[in-house]
Each structure stands twice: as C-alpha cells, then as structure tokens.
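User: I would like to learn how to read the main features of a protein model. Can you take me through one, feature by feature?

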Amino acid sequence: MSESEFPAGQRGAFDADARRSPTLPSRYYHDPEIHRRELRAVFHRSWCYVGPASRLAEPGDYRVEKIADQCILLVRDEDSRIRAFFNVCQHRGHELLSGSGNRKKRIVCPYHAWTYGLDGRLLQAPHTDRVHRFDAADFALKPVRLANCAGLLFANLDDNADDFEQEYPGLEQILRDCLPGLEGFSTVFECDYDIAANWKIVVDNFSEGYHIPVAHRKLSQVLDSGAGNRASVERRYAFFESRSKQGYEGFEVEPGLPYRSWTLWPNTCMLSLPGCANLIVIRMAENGPDRCAEHVDLLADSDGMTGVLEAIRDLFTEQFNAEDIALVESVHRGLKSLGYDQGRYVVDESESWYSESGLHRFHRQLLQALEDS
Ligand code: FES
Ligand SMILES: [Fe+2]
C-alpha cells in the first residue's frame, strides 16, 4: 500500500512515518464491515498464541482453543507430537471436543461416532462399507499449522503463511536467553476477562508505556522506566527491557532486576516481572467489534503458587490489568463520540519506553493486512 492510499480521517491520512501521522481513524474501532475484514485479513492469516505446550503433557491430552471465529483442537498424539486440527467432524460438521482433557488414542464424534486417531486419521465410520466409493483417507481431520517457540504454541490457519521463524526471527532465542527452561514452565494461574472494548484498543494500550506513570501508580513503584533500557524491534514483534526499583510493601524487589515485555503481532503481549522466573502471556481475542475476550496465562518455573508469584498475580490482576480495563473501556466509548476522530502519535526517535511508535507500527501492519486481504 502506498502512503497516499492510507485511509484518511478528519485530520488527514495515516502516514507511514509516525512523526507525521495522525492516528488511526476511529471508524476502524467500531465499523462492523472493517471488523469482518479483520477476521479474514488478520486472524485467519497470522500466527496466534494458543497456549503453552506444557499444558499438553501426556499423549491424549487435548485442549480446544479459538482463533477469532474458528475453533481448533490441540492434541498430543501417541508419538508425543503436538498437533492442531480444525475442531470439526468431516461427516456433517459437528464439533468434536470442548474444553480440555485426555482422549486415549481416539476422538469420537458425539453425533454418529465417526472415530479419529490422535493423528487425525479417520479410523472408523459406522456403516460406510455400504457407501459408494467411500474412502476414509478422504476424511481425515483438517490440520492447522502449529509452531512451538520455546514452549509457547502458535497456530496459523493459513497454509500459505510464512513460517513462524521467518515472521518472528530471533524471538525464540530472546525468550530462551531471558527465561532459561521456559518450555518446562507450568501454568500457575489463568483467567479470562470480557472487556467492553474493541480488541485493537486493548492491544494499543499494551503497545505503549506513555500511560504507565499516569495510570499505573503501583507498577511505577516497581519499574524504573529510565534505567538500563534495551529494545529490539522486528517487523512482527518488539521486545523491551527496563529495570526494577525497590518495589513496595508486599512486593519488595531488588533494584536493577530486569522487567521485560514483548508485543507480538497481532494480539499477544507478554510480561516478565522482577522477583522470580515468570511469564505473563496475554491474548486479546476479538469478540465482535465491541468486545474483547482477554485470556491471561501466568507461567512460572514452579509447580504452584509462591508468595512472589501471588504478589505478581495480584499486581497484574488487581492493579495493572484492572486499571487498563477501565482505560480501554473508556477509550472505546470515546472513539464512538462525534467529537473525536484522530489524534497524534507521541513518538521519539529513540524508541524510548514512552514512545508510541509501537502503536503506530501495529496500526501500519493492520492497514497493510487489510489492504493485502
Ligand atoms: S457429524 Fe460427526 S459423525 Fe456425523
Ligand atoms: Fe497499562
């Protein structure tokens, strides 16, 4: 897409240069037609986080996940390989499984008992020996591409998409360097939020630190946003590291420890707070133009909760995320106001913690995806 083709709003066209650009016109956050296009252009074609591999520890363990309007089934097969399929029976389209659990060797459709192996092959289909030229090989489950990045699983519904490693070069190494043994981290806490805001507003909010000193008083006591920053910005993800301050009563930490965050196209954000080996993975799933289904996994190098992990969980759920949800729901209402259409990106050249350049990058990719679809 050339710059002249970027969509215009009241304050002009979105510009490929963040320093000159007005923000995304507000209709992008509530127009149902744009939302429908996003399903195809973004969610049906991008690598989306679907959980840690450690949740599927044993052969037969499965978990059903959603990528936008599509339901997929993750299962560890008898050879201990994790596979992904569309969660739909190839007979008449009944959904196969829900939730999570273990299926020993077989997945049986509850409608007419077509039976699949954990590798997706159709093993049994009652009475089909009487069906003209019926070949079970034609009715295997439809596979979905899966990537395992240091123990984090990402699925892509598009057979033609570039490989995960091409799209997110170096991400696996950064994760391994920052969090040794991440593949073995267990899920010590998970939760879901139903947020009254377009999914992009929630991603926008995670893309910038400009609001942190204003809106997150407790987090600001832990985080030294000016010290020891390092950043790595790639096309599909960005990584930032800053340092901890002393903390506060109930969450005292050593000063100078790393505080890390990652934003991944299109809808995943990850945080690693000081205090212990942990990773908070946040997925902002679309749920129509006006709602976001946010899922949070707290992964840690621990079999269960510890005092530090409880402090991290509480800082995230009771402070940080609660404050963010109030912000994004207000922005969602505000973006429908007749008194607003576009603002400006507050950016600096150094990609500092405060710069909104990550926000601009996200919008640029979104517009590119919509154009390419
Ligand atoms: S729809 Fe699954 S067996 Fe008929
Ligand atoms: Fe925030």
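Analyst: Start with the domains, whose bounds come from an automatic or database domain assignment. In this predicted model, the assignment gives domain 1 (48–156) and domain 2 (185–372). Their C-alpha centres lie 32 Å apart.

User: How many residues does each domain bring to the contact between domain 1 and domain 2?

Analyst: Domain 1 contributes 10 residues and domain 2 contributes 11 residues. On the domain 1 side, strand E3 (residues 48–52) gives the most, with four residues. By class, that side has five nonpolar, three polar and two charged residues.

User: What does the chain as a whole look like in terms of secondary structure and overall dimensions?

Analyst: The chain has eight helices and 22 strands. Its radius of gyration is 22 Å, close to the 21 Å from the globule rule for 373 residues, so the chain is as compact as a globular protein of that length. Along the principal axes, the C-alpha trace spans about 70 × 50 × 35 Å. Buried residues account for 40% of the 373 residues. Of the contacts between residues at least 6 apart in sequence, 59% join residues at least 24 apart.

User: Now the sheets. How should I read strand pairing?

Analyst: The general idea is that strands of a sheet pair through backbone hydrogen bonds, either parallel or antiparallel. Take the sheet that contains E3: three strands form an open sheet in the order E3-E12-E11, with antiparallel pairing. E3 and strand E11 (145–149) are at the edges with a single partner strand each, so one side of each has no neighbour in the sheet. Neighbouring strands here are turned by 30 degrees against each other on average, direction ignored.

User: How many bridges join E3 and strand E12?

Analyst: E3 and E12 (residues 152–156) pair in the antiparallel sense over four bridges. As one example, Gly51 has Leu153 in E12 as its bridge partner.

User: What order do the strands of the other three-stranded open sheet take?

Analyst: That sheet has the order E8-E9-E10, and its pairing is antiparallel. Its edge strands are E8 (106–108) and E10 (122–124), each pairing on one side only. Strand E9 (residues 115–117) pairs with E10 over two bridges, and Thr115 has Gln124 in E10 as its bridge partner.

User: Why is strand E5 described as largely enclosed?

Analyst: A residue counts as buried if 20 or more other C-beta atoms lie within 10 Å of its own. Five of the seven residues of E5 (residues 70–76) are buried, so the strand is largely enclosed by the rest of the structure.

User: Which strands pair with E5?

Analyst: Strand E4 (residues 61–67) pairs with E5 in the antiparallel sense over six bridges, and strand E6 (residues 82–86) pairs with E5, also antiparallel, over five bridges. Towards E6, Leu73 stands opposite Phe85.

Conventions
Residues are numbered from 1 along each chain as its sequence is written. Chains are lettered from A and ligands numbered from 1 in the order in which they are written. This is a predicted model: local features need pLDDT of at least 70, side-chain atom pairs count only at pLDDT 80 or more; totals for chains, interfaces and linings use all residues. Two strands pair if DSSP finds at least two bridges between them. Two residues are in contact if their C-beta atoms, placed from the backbone, lie within 7 Å. Ala, Val, Leu, Ile, Met, Phe, Trp, Tyr, Cys and Pro count as nonpolar, Asp, Glu, Lys and Arg as charged, and the others, Gly among them, as polar. A residue is buried if 20 or more other C-beta atoms lie within 10 Å of its own, exposed if 12 or fewer, and partly exposed in between; C-beta atoms are placed from the backbone. Axes are lines fitted to C-alpha atoms, for helices over the stretch in contact, and angles run from 0 to 180 degrees between N-to-C directions. The radius of gyration is taken over C-alpha atoms; the globule rule is 2.2 Å times the number of residues to the power 0.38.
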